[in-house]
Amino acid sequence: MDVIIESLPQYWDGFLRTLFLAVVSGIIALIFGTLLAAARVSPIAALRGFSMAYVEIVRNTPLTIAFFFAAVVLPRLGVTFQQFEVAAIIALSAYTSAFIAEAVRSGVNSVPIGQAEAARSIGMKFSQVLSLIILPQALRTVIPPLINILIALVKNSSVAGAFYVLELFGYGKQLANEHGDAVMSVLIGVAFFYLLITVPLGYLATVVERKVAIAR
Amino acid sequence: MTTQVPGDALVSLNAVNKHYGQLHVLKDINLNVRKGEVVVVIGPSGSGKSTLCRAINRLETIDDGVIKIDGKELPAEGKELAKLRADVGMVFQSFNLFAHKTILENVTLGPIKVKGVAKAEADKDAMALLERVGVGHQAPKLPAQLSGGQQQRVAIARALAMKPKVMLFDEPTSALDPEMINEVLDVMIQLAKEGMTMIVVTHEMGFARKAADRVVFMADGQIVEDATPEEFFTNPKSSRAKDFLSKLLTH
C-alpha cells in the first residue's frame, strides 16, 4: 500500500485530469445530446434524419474508434491540437452525446401529448413548445439514466490514457510499470479515485431527482 | 337545418372530411358559428364530435374541405398557424395544465411568450382572470395540488388570457367528479352570458338547455341535427337523436 501513499501526487494529478475530462465532455455532451434529441422530434425531416443517423452510428461503434478519429484522423485532415486532451474531449463528448440523445428522447416521449397540445393551442411555435414545456419536463424524468450515462463517461475517459493523456488510468499504467511488484496496490489506488467521482454522482442523482420531481 | 349567411360566420366549416385509415370520422361537415353564439355539440361516443372540435384549431388535420376562423382559412403549419391558434382558446377534457409551472405561470406563459406582454401586466391580468374563475388564492401552487374542478377552471383562465375570439371546449367536465362539474359549468355559463363565442362538446344536457343557442347532434361522423335546444330536446326529428335522447332519460 506504500506505493499509493508514495504516488499520491501522480494520483492527484490524474484524478484532476479525469475530473476535467469528465466535466467538460459531460457539459458538451448534455448540450449536444439535447440538441440531437430536439432534432429527432422536429418537424424538419432532414434534422430528424441527421439525428437518427448520428445516434445509430456513434452509439453502435466502440469508443476506441471515436478516439482514433479524434486523435489520428482529424489531425490528418488538418485539424490539429496542441494537447491530446482536446482530442479526448472531442471523442468523449461526441460518443456520450449519442446516449444522452436517446435518454432525452425517451423523456420527451414520456411527457403526455396533452402538454404539447395545450402549448400549441395557446399559440406557441414548435421551438417554444419544446423549450418551455416539453424539455423541462422531459429532462426531469430522465435524471437517473442521464447520471448513469455520466458515470459511464467518467469510466470511459480512461480510454484517453491509451492516447497519451495522463489521466488516472494513464498514471495507473505508468505506476504499474514502475512498481512491477505492487501492481495490485496501484490498481486499487486507481479504482479508489474513480469511485471518488462516480459514487457521489450516484448520490447526486437521488438528490436531484427528488428535488425536481413533478407531481402529476 | 338552419341556414345561415356564411360571410357572417366567425367559425365556418365547409365540406370537411377526415379519415382515420378506413374509418370515416368526419363526413362532409358543414357548420357555421356566428360571433357570440354558443353551439353545443352532442352525440354518442365515437360520433366524431371531439375530432370536429380539435380540427377547428388544427390539432387534427383534415383530408379535405375548408375551415375558416374569422374569414381566414386555417394555415397548414408554422408561424401563421401558431398565430391563428392564439385567437382560438381550447379547453381539454384532461385539463393539460403545464405540470411544471405554477397556476399563475400557466396563465401568464401564453401572453408573455406568444404576445410579448410585459410580465407585470400579464401577472395582473392573470390574477384578475383567476379571481374571476374563483381560484385566485391558488396562484402560487402547482397544478397537481388542485382538484380537477379547480384545474379545469385554471385551464379556462389560461385560454381566456390570450383574449381569444372563440373558445373550444372538448368535453370539459367528462374527467371530473360529479360534485365538481357544476363549478366548471357555472364559469362556462357566465362566459356564455358575457357574449363569448363558444363551441362546446359535452354530455351535459343541462348546460345545453341553459346556455346553448344551438344544439348540433352528431352521429357516425355526420351532423344529423342542428336546432335550438328547445326544438332539439322536445321534438327531435331524426330517429338517431330520438334514440340517443331516450337512452339519456332512462336513468
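# Notebook: sheets and helices in chains A and B

Entry 1: I began with one pair of residues: Val16(B) stands opposite Ile29(B) in β2(B). This is a predicted model, so I am reading computed positions throughout. Next I looked up the two strands around that pair. Strand β1 (residues 9–20) of chain B runs antiparallel to β2(B), and eight bridges join them. I then asked which sheet they belong to, and found an open sheet of four strands in the order β2-β1-β4-β5 (chain B), with antiparallel pairing. At its edges are β2 (23–34) and β5 (72–73) of chain B, each pairing on one side only. A reminder to myself: strands of a sheet pair through backbone hydrogen bonds, either parallel or antiparallel.

**Entry 2: the six-stranded sheet of chain B.** What is the strand order here? I read β6-β7-β8-β3-β9-β10 (chain B), an open sheet of six strands with mixed pairing. β6 and β10 (222–227) of chain B are the edge strands; each has a single partner strand, so one side of each has no neighbour in the sheet. From one strand to the next, the twist averages 15°.

Four bridges pair β6(B) with strand β7 (residues 166–170) of chain B in the parallel sense. Within that pair, Val91(B) is placed opposite Phe169(B) in β7(B). The next step is also parallel: β7(B) is joined by five bridges to strand β8 (residues 197–201) of chain B. There I found Asp170(B) opposite Val201(B) in β8(B).

Then I went back to β6(B) to check its side chains. In a regular strand the side chains alternate between the two faces of the sheet. Which residues of strand β6 (residues 88–91) of chain B point which way? Val88(B) and Met90(B) point one way, Gly89(B) and Val91(B) the other way, and all are buried.

**Entry 3: two helix pairs in chain B.** Two packed helices are described by the angle between their axes and the distance between the axes. I looked up both values for each pair.

Helix α5 (residues 148–160) of chain B packs with helix α6 (residues 178–193) of chain B at about 20°, and their axes are 8 Å apart. Angles under 35 degrees count as roughly parallel, and α5(B) and α6(B) are therefore roughly parallel to each other. The crossing of α5(B) past α6(B) is right-handed. Among the contact residues I noted Arg153(B), Ile156(B) and Leu160(B) from α5(B), and Val184(B), Val187(B) and Leu191(B) from α6(B). By class, the residues of this contact between α5(B) and α6(B) are seven nonpolar, four polar and two charged.

For helix α3 (residues 103–113) of chain B and helix α4 (residues 119–132) of chain B, the angle is about 125° and the axes are 9 Å apart. α3(B) and α4(B) are therefore oblique to each other. Their crossing is right-handed. The contact includes Ile103(B), Leu104(B) and Val107(B) of α3(B), and Ala122(B), Ala126(B) and Leu130(B) of α4(B). I wrote down 10 nonpolar, one polar and two charged residues for the contact of α3(B) with α4(B).

**Entry 4: helices in chain A.** Helix α7 (residues 126–141) of chain A and helix α8 (residues 143–156) of chain A cross at roughly 65°, their axes coming within 5 Å. That makes α7(A) roughly perpendicular to α8(A). Leu139(A), Arg140(A) and Thr141(A) of α7(A) meet Ile143(A), Pro144(A) and Leu146(A) of α8(A). This contact of α7(A) with α8(A) has four nonpolar residues, one polar and one charged.

**Entry 5: a look at one residue, Leu74(A).** I found Leu74(A) in helix α4 (residues 63–76) of chain A. Its relative accessibility is 22%, so Leu74(A) counts as partly exposed. Which residues is Leu74(A) in contact with, leaving aside its neighbours within four places in sequence? With those set aside, I noted Phe69(A), Val79(A), Phe81(A) and Ile90(A). I also looked at Ala87(A), which is 13 residues from Leu74(A) along the chain; their C-alpha atoms are separated by 8.7 Å.

How values were computed. Residues numbered from 1 in each chain as written. Chains lettered and ligands numbered in written order. Predicted model: local features only at pLDDT ≥ 70, side-chain atom pairs only at ≥ 80, totals over all residues. Heavy atoms only, no water. Axes fitted to C-alpha atoms, helices over the stretch in contact; angles between N-to-C directions. Parallel < 35°, antiparallel > 145°, perpendicular 65-115°, else oblique. Left-handed = near helix turned anticlockwise from the far one by under 90°. Contact = heavy atoms within 4.5 Å. Nonpolar A, V, L, I, M, F, W, Y, C, P; charged D, E, K, R; others polar. Buried < 20%, exposed > 50% of the residue type's maximum accessible area, 1.4 Å probe, protein only. Pairing = 2+ DSSP bridges.
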